[in-house]
Amino acid sequence: MPGLQPSVSAGAMNVIAALLEQRTGQQIAANRAWRIETALKTVLRAHGMQSADQLVAQLTGTRSGALADAVVDALLNNETSFFRDAGVLELVVEAVAALVEEQPGRRVRIWSAGCSTGQEPYSLAMLFEEAYVARGLPFPEIVATDVSAATIERARSGRYSQFEIQRGLPIRRMMTWFDQDGTEWVVRPELARRIQFRRQNLAQDPAPPGKFDLILCRNVLFYFPPALRTRAYATLRSATRDGGALLLGAGETVIGQTDAFVPCSRFRGLYRADPPPPVPRAAGLG
């Protein structure tokens, strides 16, 4: 757009960073301020604005909820792909299988927190369909949440571009679980019905109802300030049954962050919810 000013003033940077933290709990470190400048280009073009200062003036002058939503959605890191860290997802399937073997007929509950546009829960659903249904095992209940209403709607629609569908998804699975619709690929109903998508703000909202055996919360807490991260761990723990487990991102750990979870000796990479369950010990993932 002619006249677009790509740089963001310090004042505008502060207002926008504060909006993101207020809405989501996420902080943008000084050395990652470039994210604001990059993300805002799309918002400025979409709303016919020439600068971030003009955007901030509109935000503060009209209190436009839709505009604030657009800014926050643009700033959120929705980087994801199908079967991201495939070995980790296979570990989740293995851990769930152990629970089912210990308690035949039990239906395990899984929460994918910060699911972005849905690739993580759909990847899990594909793995469980392939590993469980043919063997007559109970399919886990999968609840997937994200802070962004727009992102959750995208995930629920199950629509992906050619670029998105090719990121991490083998052709065999693509042909099995998706149908082509013009330039997009749409998840088939039999897979879509396996997942419950909900909007949930981990920084502010209570956890989804009930207790979960496994929670995936990868690369979400990394952006939280320490005090908020502590509260988020408490929320996650409140949603995890005793002996259940938490999975974080590759660069994240509970060590030195919380006492609510401890490293799981049985499945490396998972963190067990303390205290461990009473007898029988086999009921947990310890």
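Two exercises with worked solutions follow.

The model is predicted: local features need pLDDT of at least 70, side-chain atom pairs count only at pLDDT 80 or more, and totals for chains, interfaces and linings use all residues. Residues are numbered from 1 along each chain as its sequence is written, and side-chain values use heavy atoms, with hydrogens and water left out.

**Exercise 1.** Determine how helix α1 packs against helix α4.

*Solution.*
Step 1. The helices (DSSP runs of H or I, at least four residues, numbered from the N terminus) are α1, residues 10-24, and α4, residues 65-75.
Step 2. Their axes are 10 Å apart, at an angle of about 90°; axes are lines fitted to C-alpha atoms over the stretch in contact, and angles run from 0 to 180 degrees between N-to-C directions.
Step 3. Helix α1 is therefore roughly perpendicular to α4 (65 to 115 degrees).
Step 4. In contact (heavy atoms within 4.5 Å), I16, L19, L20, R23 and T24 of α1 meet G65, A68, D69, V71, V72 and L75 of α4.

**Exercise 2.** Characterise the surroundings of D213.

*Solution.*
Step 1. D213 lies in strand β7, residues 212-217 (a strand is a DSSP run of E, at least two residues).
Step 2. Its relative accessibility is 3%, so D213 counts as buried (under 20% relative accessible area, 1.4 Å probe, protein chains only).
Step 3. Apart from neighbours within four places in sequence, D213 is in contact with L99, R106, V108, R109, R241, G244, A245 and L285.
Step 4. The side chains of D213 and R241 are joined by a polar contact of 2.5 Å (a pair of N or O atoms within 3.5 Å; within protein, one must be able to donate a hydrogen and the other to accept it, and residues adjacent in sequence count only if both atoms are side-chain atoms).

Technical notes
Angles under 35 degrees count as roughly parallel, over 145 as roughly antiparallel, 65 to 115 as roughly perpendicular and the rest as oblique. Buried means under 20% relative accessible area, exposed over 50%, partly exposed in between (1.4 Å probe, protein chains only).
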